[in-house]
Amino acid sequence: MPRTIRDVVFVDGVRTPFGKAGPKGVYHETRADDLVVKAIRELLRRNPDLDPKKIDEVAIAATTQIGDQGLTLGRTAGILAGLPQSVPGYSIDRMCAGALTAVTSTAGSIAFGAYDVVVAGGVEHMGRHPMGEGVDPNPRFVSEKLVDESALFMGMTAENLHDRYPTITKERADAYAVRSQEKAAKAYANGKIQQDLVPVSVRRTNAEAGETGWGLVTADEPMRPGTTMESLANLKTPFRAHGRVTAGNAAGLNDGATASLIAAEDVARELGLPVKMRLVSYAFAGVEPEVMGYGPIPATEKALAQAGLAIGDIGLFEINEAFAVQVLAFLEHYGIADDDARVNQYGGAIAYGHPLASSGVRLMTQLARQFEEQPEVRYGLTTMCVGFGMGATVIWENPHFNADGGDK
Amino acid sequence: MSSTTELLKGAAELFPGEVVTQAHVRHLDLPFGAGRFALITLDNGLDHTKPTTFGPQSLANLNAAIDQVEKEAADGAVTGVGITGKPFIFAVGADLKGVELLGRHEDALAIGKGGHDVFRRLSGLAVPTFAYYNGAAMGGGVEVGLHCTYRTVSKALPAFSLPEVFLGLVPGWGGCVLLPNLIGADRAVSVIIENSLNQNRQLKGKQVFELGIADALFEGADFLEQSLIWTANVLKGSVTPQRAEIDRGDAWDQAVARGKAVADSKVHGAAPAAYRALDIIAAAKDGDLSAGFDAEDQALADLIMGGELRSGIYAFNLVQKRAKRPAGAPDKSLARPVTKVGVVGAGLMASQLALLFLRRLEVPVVLTDIDQERVDKGVGYVHAEIEKLLGKGRINQDKANRLKGLVSGVLDKAEGFADADFIIEAVFEEIGVKQQVFAEVEAVAPAHAILATNTSSLSVTEMASKLKNPERVVGFHFFNPVAILPLLEIVRGEQTDDASLATAFGVAKKLKKTAVLVKDAPAFVVNRILTRFMGEIQNVIDEGTPVEVAERAVEPLGLPMSPLVLLELVGPAIGLHVSETLNRAFPERFTVSENLAAVVKAGKRGFYVYDSGAPVLDPEVAALLKQGDTVLTEEQVRDRVLDAVAQEIGLMLDEGVVAEAQDIDLCLITGAGWPFHLGGITPYLDREGVSQRVNGKPFLERGVASVPA
């Protein structure tokens, strides 16, 4: 049977505002599956031309797939969101790259012809499901020295990455974090972020956490506008005495969910759905688990090679800021300046937060907005590091690209 | 506001056991830069099985919350104020326990006024107010929202009503006045009068929107978010809620007249609440809210101090609480599982029982009868009923297949009942026949199987007496129509053991019936009282009182139908049969009417002809009647009938037929449809002094179904 590989596009992406994990966080009394449901419903509301019956799959990622993140979230969230019973769903786990993997897995299936339109997203409620909840690592990891003990503690892997790149100092990391907060605040002031957020109603019954009753979350809770080098300088380095990684130059522990619509380009055009980005290539790569943050580099190498592109062809970068050092290592590797204007234009996870398995779609949603504004850019990429020593990269083409507007 | 505070403080002291609702105020930023918003959440701190209610302290809490938001609104600190509920519940109105405790008119007035004073502040803030009906909303819960400028409702809202008239009150915290002014009198009459008097029918979210009570409807999954987004749009002017013009002309008066007709057909003027509500609705035509609210306060206080409401609350508690925990039922852990049911007989009653067991228990049900034709007819009936359910969409094809596959009919009891756990007989009402049937069943059924009888008047003990294992025989007396009337009289024979009884109660619960434990006494509860009641009507007619006088005499009770219409429904022959049974048992009190016997003998199935639409005494029946020459007035008839009923109930309680008078009332409400405003019957007999006159004491202690001392 002859097959035609089809172009795959990013139609739209939304997310809940991200919250701080823990008893005082805005989502402390909100279920993880409900966060996904709100995101899916907003996605459908924004795209009324899409008959929900036409959705072929709901792929939802979560790292800790138990409790309200268990029960085959893609399926159950679909039902809870009011999708027709005929729409199937499943769950995905690649830790931090969960939502990114939900996109690439379904995209591959779209290209293959198995699906036309899918919902792909992710959620992590780190307040209800702290990292490592219920894990049971095989003792051989340690006994056979398959991985270093630090591999299980992301902060330690970030310190290890500082070791690999001695020129990336704490000051450089802090400066990067300050810029991330500044860029995020500016993006908010310019309304770049809010347009892709779905407000979430939240209940609070614990008076110690603030006003009780129902409230509405309309903005990211973790943001710290006004962060300065001075305010970061004296933060503790919890992962290593006299280390470099602090709560200020890393993403926090967060709650949130994302959802995107991914479609075959011909189907999107036929249904009148927006085409915000065109998928060029994607790749995953493994590295030593104890320097997990290095992962984006080999993943990007592979994705570029597949696409026949060089790093210089990439006009916009959305790099997940799990740790400032991980972004800086990537930039250093490619010889890109720490403050290069192409990188994380709206700021990143250091400001917005990083609810593990949800973040991949946040990167894509932001890149899509930047593509709209910058038709002179042809290619962009989203990349992130992944626990246990992996990296994930997706390269996208700007459908609004207009050669006259730029140099590519 | 201090007067309201004082008022509520005084009221709160009368109700120390209130489950207090908090009114949390939380601030949020509306989308689209629509500003800072204060959202009040009503929450009693318990889960959704304990719905939020309003007692005096709860009202005081809401009042304090409104103090806060009123100031913020005046200061320009918020652009709007909203009110919503905890998950699944908005608020279900006044706390009835608190209402029961009120013993003085002025205290009742204070509760009405207190609610008004607090709620109406929501319409007087410097900013618009919004109610978000997120879940169940009843009575005062509905009303607090009516005082707001705008309302949204969730599609997932399962129950929305103004049930006050059903209980014996009026919607007295603004409902009678605000609702007709919002949606017009006719729709308001439907909600306040018609739904209430139709067994407290509930509206769903979609209907609340379609009636115009809510300005917007949103799905449950993100109801509050969408409500707040809508709020932002309203505040910014990008959405303008559209409301239908209200007809304040003749349509208003016609609506009130329609309400009166509905009330007459349901309570026959016997309970005041609906009429008081209609008076207020009628007066609300001029849109004068303050005058209307005052009228509500007065009506509320009058009704709270009246017997009908106390009876209504008593009846409500019987069917809501006592019905779920039958008095005298053995520990349910003793119950044996029932995985297969046998039905002896395949006639209409037996087939109806088979259908009920099938639908509720979803276990194999086997019918037997004396020939194949009857068996086939019985199974055919069940199949046809399943098809009807399928056709109406009440069950799907898979369920229909399952149910049809579960029902079967056989001639051979051994084949049918060898592995049955519960076997019920519905054969001819004759003790010898029933003993024979049970003997045959016992020979083939497992030793643990319950043998149940649907007898309406025979002795369960006698029926069991010739069996090897009489301890497993239980009376299981349904009321026609079986699918509709909730009552199930469970009769304990002299030898019935606890395990069998517990199993019977377990089955009753699965059948969703209101089970009442009854001693093995002639005609049990409902038939005995109804027969005594009818017998006395029959007596006065036989003695010479005209039929229409006798019929009219009991109209003030507001029974669902007149005595002779009821006798038509039951069937004169069956009525005669029961009266004969009771006459044998208690010849000094139960008579057998020769006129009734003549009607039955003549083959008449009723007393009235309906050619003109209204019932007219059938001339052929009239010709059969042989009456004496003692003509009583309506009042005399009523006294005789009520005296007889009071005497009979007194004797039944002395005999221990049921545990308490409450069970008599529960039986009459759920088995005979006797109205809430009578509280069944004993609260009414107490209230009217009949109990005292006949038995020298009331049935119920003061405060149980009456204004407390």
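Two strands pair if DSSP finds at least two bridges between them. The views below are taken from a predicted model.

**View 1. Three strands of chain B form an open sheet.** The order of the strands is E4-E6-E8, and their pairing is parallel. Strand E4 (89-91) and strand E8 (160-161) of chain B are at the edges with a single partner strand each, so one side of each has no neighbour in the sheet. Strand E6 (residues 136-138) of chain B is joined to E8(B) by two bridges in the parallel sense. Across this pairing, B:Met138 is opposite B:Ser161 in E8(B).

**View 2. Strand E10 (residues 341-344) of chain B is covered on both faces.** On one side B:Val341 and B:Val343 are buried, and on the other B:Gly342 and B:Val344 are buried. E10(B) pairs with strand E11 (residues 365-368) of chain B in the parallel sense, over four bridges. In that pairing B:Val344 lies opposite B:Thr368 of E11(B). E10(B) also pairs in the parallel sense with strand E13 (residues 422-425) of chain B, again over four bridges. Here B:Gly342 has B:Ile423 as its bridge partner in E13(B). Together with helix H15 (residues 348-361) of chain B, E10(B) and E11(B) make a right-handed β-α-β unit.

**View 3. The side chains of strand E12 (residues 407-410) of chain B alternate between two faces.** E12(B) runs parallel to E11(B), and four bridges join them. Opposite B:Gly409 in E12(B) stands B:Leu367.

**View 4. A:Val36 belongs to the largest nonpolar core.** This core has 362 residues, and A:Val36, B:Ile423 and B:Ile490 have the most contacts inside it. Leaving out residues up to four places away in sequence, A:Val36 touches A:Ile60, A:Leu73, A:Ala77, A:Gly121, A:Val123, A:Ala257 and A:Ala259.

**View 5. Chain A and chain B are in contact.** On the two sides, 16 residues of chain A meet 19 residues of chain B. Helix H1 (32-46), strand E6 (200-204) and strand E7 (213-217) of chain A each give two or more residues to the side of chain A that touches chain B. The largest share, four residues, comes from E7(A). By type, the residues on this side of chain A are seven nonpolar, six polar and three charged.

View 6. Most residues other than glycine have a negative phi. A:Thr72 counts as partly exposed because it has 15 C-beta neighbours inside 10 Å. A:Asn344 counts as buried because it has 28 C-beta neighbours inside 10 Å.

**View 7. A cis peptide bond joins B:Asn480 and B:Pro481.** Most peptide bonds are trans. For this bond omega is about -10 degrees. B:Pro481 is in the loop between strand E15 (473-478) and strand E16 (487-492) of chain B.

Definitions and conventions
Residues are numbered from 1 along each chain as its sequence is written. Chains are lettered from A and ligands numbered from 1 in the order in which they are written. This is a predicted model: local features need pLDDT of at least 70, side-chain atom pairs count only at pLDDT 80 or more; totals for chains, interfaces and linings use all residues. Two residues are in contact if their C-beta atoms, placed from the backbone, lie within 7 Å. Ala, Val, Leu, Ile, Met, Phe, Trp, Tyr, Cys and Pro count as nonpolar, Asp, Glu, Lys and Arg as charged, and the others, Gly among them, as polar. A residue is buried if 20 or more other C-beta atoms lie within 10 Å of its own, exposed if 12 or fewer, and partly exposed in between; C-beta atoms are placed from the backbone. A crossover is right-handed if, with the strands pointing away from the viewer, the path from the first strand over the helix to the second runs clockwise. A nonpolar core is a set of buried Ala, Val, Leu, Ile, Met, Phe, Trp, Tyr and Cys residues joined through C-beta atoms within 7 Å.
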